[in-house]
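Subject: Structure handover

Hello,

Please find the structure below. My notes on what was found in it come after.

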Amino acid sequence: MRDLIRLAFQAVAGHKLRSLLSMLGIAIGIASVILLTSIGEGTRRYILGQFAQFGTNILSVVPGKAETVGLPGVLGGTTHKLTLDDALALQRLAGVEEIVANAYGTARVEANGRGRSVYVYGVTPNIPAAWRFRVRQGGFWPAGDPRRGTQLAVLGPKLKQELFGEENALGRFVRIGGSRFRVSGIMESKGQFIGIDIDDTAYIPVANALRLFNLPEITEIHVIYAHAGLADGVEREVRRVLTARHNGKEDFTVTTQKAMLDVFGNVMNVITLAVGAIAGISLLVGAIGILTMMWIAVGERTEEIGLVRAIGATRRQVQVLFLTEAAVLATLGGAFGVLGGMGLAALLRFAIPGLPIHTPMTFAVLAVAISTATGLLAGVLPARRAAALDPIEALRTE
Amino acid sequence: MIRLEKICRTYQLGGQPVHALVDVDEHVPAGEHVAIMGPSGSGKSTLLYTLGCLDRPDSGSYWLAGREVARLSDEELTDVRRHHIGFVFQSFHLVPRLTAAENVELPMVFAGLPRAERRERVEAALASVDLSDRLDHRPDQLSGGERQRVALARATVMQPRLLLADEPTGNLDTSSGRQILDLLDHLNDAGTTLVVVTHDPSVARRAGRVIVLVDGHVVRRLPGGEVMGAADLFAP
Ligand SMILES: Nc1ncnc2c1ncn2[C@@H]1O[C@H](COP(=O)(O)OP(=O)(O)OP(=O)(O)O)[C@@H](O)[C@H]1O
Ligand SMILES: [Mg+2]
């Protein structure tokens, strides 16, 4: 077998340009598939990573009923406000570990003669535990009745840096939307979440935020439960309790992280399907290229086929010889394609630094293996033709 | 070694039957040196391919080393060719992209011989045709005589008992031709049965026996030493 592969390589190398051209179909196909899957896989990992930052055992309640996930309040009006009392009622449910009530808006934050417009989050002080955020310095205001506010604020590290530079900020005062807050803590850097810089923010008590932004109700309640097994039970209980509190109307939307990931998963499946279709078409095109090339090669090499039959090659060996040749062509094409695809992916990553791109090694190996299989399939007809040649006819061709 | 009885081979050419061999009876004992002569189209190559188990006769029977060839399967025929028969052709039929050594190695690759043994035998075979210094030359880097010697090394590397040559000197100048013929004589002296197709009386003269074919019929058999010119041989 090793000798047959060597013979096949020599045959492929014997017509360098022609071999390269016939590999081109498979190479381009594989390259594009590798590039697309790299972007797809990169995006998938990026999104999953983003969600994992906050933990996965989390569900969110927003006011308003929406038929589709992600569009709350568009289709139906709110009849009952989502209140802090609602949030407190959920706190008492079995399996619930933390409740975060939040209300947010943009406001100007001023201190030290400097100012900046940023997102200001009105939250409950348990977000370090609930959202897996870490406090670098100081801490949140003491937990207590969230309906009562206090004039304390926690700054994101970037906001702190912008306002105070290297100076100590703890205990200093900032103006947020015209109201004075004392800085009680500075957050650890967390980076971006789906493009929003969550280091460039300020956190204040939710009651203060409602007043500051003049909001009639809270924007969102996060319910954090102990483990994934509780997901369905907690979701059911949340609906039951809130519906009861809202006079039997489900005028709110519950979204579990699982549901969000499911939607995302469906999108990814469609993309995967599309990439699969492209792969299929390009492999078909590549296979036709190799079939054509091998068919011509058999015609050109009838003399050689007759000769090897005369010196003791069986029909099977002739067949294997041409099959191997087709497989070698396709494998080389596939390998070039993988290299090209990964090169393009690297180039893209270099050109657009934020773009999530990831090429899993298994994909690369799989792509080459599929190319080999395609080559074998494409080689079947030409190899059969070669094996079926009458050796004398083949030898008389001069 | 070889026994032919009433061998017939007819080709169909555009609906017309072409009788390439008609009722050929022949006996070639092991170790004999036979030449086949005859005008162009008389069936010489067809007879040689039949002897080489490449062509199957339409009727008649062919025994090779005691076995009737008609009964053998395609696989078995390949096996016979691989181990017992060597071919030399007028147009060499070397694989152009392989080196001399690789061309000689080819039959052993198909026979599945181990690599180390192949190397040894390639070197020995090329040394025996005086081409030890041309191992890595490709056919287009060799002269005609050298190419035919490579082909001869390839034909003998499996140490066949029967060597079949179709106009082995047809494409060579006199001195290269003589070199090839000397090598063939040498092999025959060492016991290899030799059948040579030729137009050339001087080639035929070296044979122990000459068979003359005309239109597929064996018209004469004579000792090699009695061959004079071609013209009188083919006259009916
Ligand atoms: N495949 C074929 N189809 C039809 N006719 C064929 C075929 N092969 C050979 N023949 C015919 O059979 C006859 C014998 O051919 P063969 O090649 O044996 O002759 P030859 O004696 O070797 O001739 P030359 O000296 O020219 O090589 C010729 O008439 C040839 O045309
Ligand atoms: Mg001939």
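A salt bridge, as the term is used here, is a side-chain nitrogen of Lys or Arg within 4 Å of a carboxyl oxygen of Asp or Glu. The side chains of A:Asp3 and B:Arg115 form such a pair, with an N to O distance of 3.0 Å. Please keep in mind that the model is predicted.

A:Asp3 also meets the side chain of B:Arg118 in a salt bridge, at 2.7 Å from N to O. Between chain B and chain A the count is 6 salt bridges. A search of the whole structure, over all chains, gives 37 salt bridges.

Next, the contact between the two chains. Chain B contributes 27 residues to it and chain A contributes 26 residues. About 2600 Å² of area is buried between chain B and chain A, and carbon and sulfur atoms give 56% of that area. Which three residues supply more than any other three of the area that chain B buries against chain A? They are B:His93, B:Arg97 and B:Phe110, which supply 28% of it.

The rest of these notes is about helix packing. Two packed helices are described by the angle between their axes and the distance between the axes.

In chain B, helix H3 (residues 100-111) and helix H4 (residues 115-128) have axes that come within 9 Å and cross at roughly 125°. H3(B) and H4(B) are therefore oblique to each other, and their crossing is right-handed. On the H3(B) side the contact is made by B:Ala100, B:Ala101, B:Val104, B:Glu105, B:Met108 and B:Val109. On the H4(B) side the residues are B:Arg118, B:Arg121, B:Val122, B:Ala125 and B:Leu126. By class, the contact of H3(B) with H4(B) has 8 nonpolar, no polar and 3 charged residues.

In chain A, the axes of helix H8 (residues 257-300) and helix H11 (residues 361-388) come within 9 Å and cross at roughly 30°. The crossing of H8(A) and H11(A) is right-handed. Among the H8(A) residues in this contact are A:Ile290, A:Met294 and A:Val298, and among those of H11(A) are A:Ile370, A:Leu381 and A:Arg385. The contact of H8(A) with H11(A) divides into 12 nonpolar, 2 polar and 1 charged residues.

H8(A) also packs with helix H10 (residues 315-351) of chain A, where the axes come within 11 Å and cross at roughly 140°. That angle makes H8(A) oblique to H10(A). This crossing, too, is right-handed. A:Ile290, A:Met293, A:Met294 and A:Val298 of H8(A) make the contact with A:Phe322, A:Glu325, A:Ala326, A:Leu329 and A:Ala330 of H10(A). The classes here are 8 nonpolar, no polar and 1 charged. A:Ile290, A:Met294 and A:Val298 take part in the contact with H11(A) and also in the contact with H10(A).

Regards

Key
Residues are numbered from 1 along each chain as its sequence is written. Chains are lettered from A and ligands numbered from 1 in the order in which they are written. This is a predicted model: local features need pLDDT of at least 70, side-chain atom pairs count only at pLDDT 80 or more; totals for chains, interfaces and linings use all residues. Side-chain values use heavy atoms; hydrogens and water are left out. Axes are lines fitted to C-alpha atoms, for helices over the stretch in contact, and angles run from 0 to 180 degrees between N-to-C directions. Helices (H or I, at least four residues) and strands (E, at least two) are DSSP runs, numbered from the N terminus. Angles under 35 degrees count as roughly parallel, over 145 as roughly antiparallel, 65 to 115 as roughly perpendicular and the rest as oblique. A crossing is left-handed if the near helix is turned anticlockwise from the far one by less than a right angle, and right-handed if clockwise. Contact means heavy atoms within 4.5 Å. Ala, Val, Leu, Ile, Met, Phe, Trp, Tyr, Cys and Pro count as nonpolar, Asp, Glu, Lys and Arg as charged, and the others, Gly among them, as polar. Buried area is the accessible area (1.4 Å probe) that two parts lose on being put together, summed over both.
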